[in-house]
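Please look through the model below with these notes beside you.

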Amino acid sequence: MNILSNSSLALSAPLALAAVTLASCAYAETGESSSSAAATPDFTITEMGEFDRPWAIEFIPGSRTLAITEKAGTLKLMKVDTGETITVTGVPEVAYGGQGGLGDVAFLNSEAEREDGRTIYLSWAEMGEDGARGAAVGRGTLVCTEESAGCAIEGLDVIWRQSPKVEGRGHYSHRISFSPDEQYLFIASGDRQKQTPAQDLSNTLGSIVRLNLDGSPAAGNPFADQGGVTAEIWSYGHRNILGMDWDAEGRLWDVEHGPAGGDELNLVAAEANYGWPTRSYGENYNGDPIPDHTNDDGFVKPAITWTPVIAPGDMIFYTGEMFGDWQGDALIAGLSSRALVRIEIDSDSAVEAARYDMDGRIRSVEQGPDGDIWVAEDGEDGRILRISM
């Protein structure tokens, strides 16, 4: 089996484990945005398999192979045309528990023609001293041998660590995204449920960092002259970023969890401060209020906020042909909302266009090679679902 081959076989019958029609509903927004009604498309959902707490799904560029991270520390590759699935060796040991474990997986589009020896990036939660934990990102080479029908990550090196490591098992974020020209690596670094460090530039908690592909701070970062980990920071004042992607204009957007209320979609800019925990459209879990944003507070305001929350798990911008009316729209995986949330973007503003009930907590979303949409359910026996017309 060459798991990275570019073959285009017809979808095999054994994979059609379940096919159902997906219903949609228009949804009203909170904050300054309002949603518009959307016609209900005729979707088909096909169940492609079950995995143990899948966290991220990513198609290997130029192939019909889906990489799936399982939170407890396993990376699997699935040939979507046949359903063959293998477990990749060479994955790092992870600090599993709470929100921690194996996180994101990413590949370079520039290597789409390669059938072997792909560069692979992984994120995970790792242990430190005295029970402290933090996110890490590593880079290695994914090598698959047809003779043994196996794949392994070789030469995996840690190229970035969240700073500092702290106690607790939440808000790692650790989503990975490359700039459209693939010169830079962007990593979401959550506030680790510590709140105030998100306003402190001496650490990388509650920030998005911009790095070279080898993990070194990128030249031209807004705080580069301060050195240390501060030189890594691109934007700050974030809480718990679970999705990042680039629109057609080459602009980075993120989606992040608010506290009790106040989930956010943000247009990310260099040196921008998004206000957490000084400002939020939510409240603390103990009921203590947090001031809402005001026009003169000096912070960048979210494009959309949600109360009640959608609990975002991931996001992409759709570029395919299968759902042609959605080109340029953002698709957000919803956990507590149990939905795929579609967002229309107009310049620097956004509006929720529709919410599609998925009857389950959705952790991750990905665009397939045919323009179809793939999602991963959260939790034990989380299903991988293909959404198609």
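Predicted model: local features only at pLDDT ≥ 70, side-chain atom pairs only at ≥ 80, totals over all residues.

1. Residues are numbered from 1 along each chain as its sequence is written, and side-chain values use heavy atoms, with hydrogens and water left out.

2. L75 also belongs to the largest nonpolar core, which has 21 residues, and L75, L77, I120 and L142 touch the most other members. A nonpolar core is a set of buried Ala, Val, Leu, Ile, Met, Phe, Trp, Tyr and Cys residues joined through side-chain atoms within 4.5 Å, where buried means under 20% relative accessible area, exposed over 50%, and partly exposed in between (1.4 Å probe, protein chains only). Two or more residues of this core come from each of β4 (54-59), β6 (74-79), β7 (85-88), β8, β9, β10 (133-145) and β11; strands here are DSSP runs of E with at least two residues, numbered from the N terminus. Another core, of 18 residues, lies apart from it and includes L340, Y356, M358 and L385.

3. Four strands form an open sheet in the order β8-β9-β10-β11, with antiparallel pairing, where two strands pair if DSSP finds at least two bridges between them. Its edge strands, β8 (102-107) and β11 (150-161), each pair on one side only. Between β8 and β9 (residues 118-127) there are four bridges in the antiparallel sense, and A106 stands opposite Y121 in β9.

4. Turning to charge, the count comes to 23 salt bridges, each being a side-chain nitrogen of Lys or Arg within 4 Å of a carboxyl oxygen of Asp or Glu. In one of them, R279 and D297 have their closest N and O atoms 3.6 Å apart. Both residues lie in the loop between β18 (263-267) and β19 (304-306), so the pair ties together parts that are 18 residues apart in sequence.

5. D297 forms a salt bridge with K301 as well, with the closest N and O atoms 3.0 Å apart.
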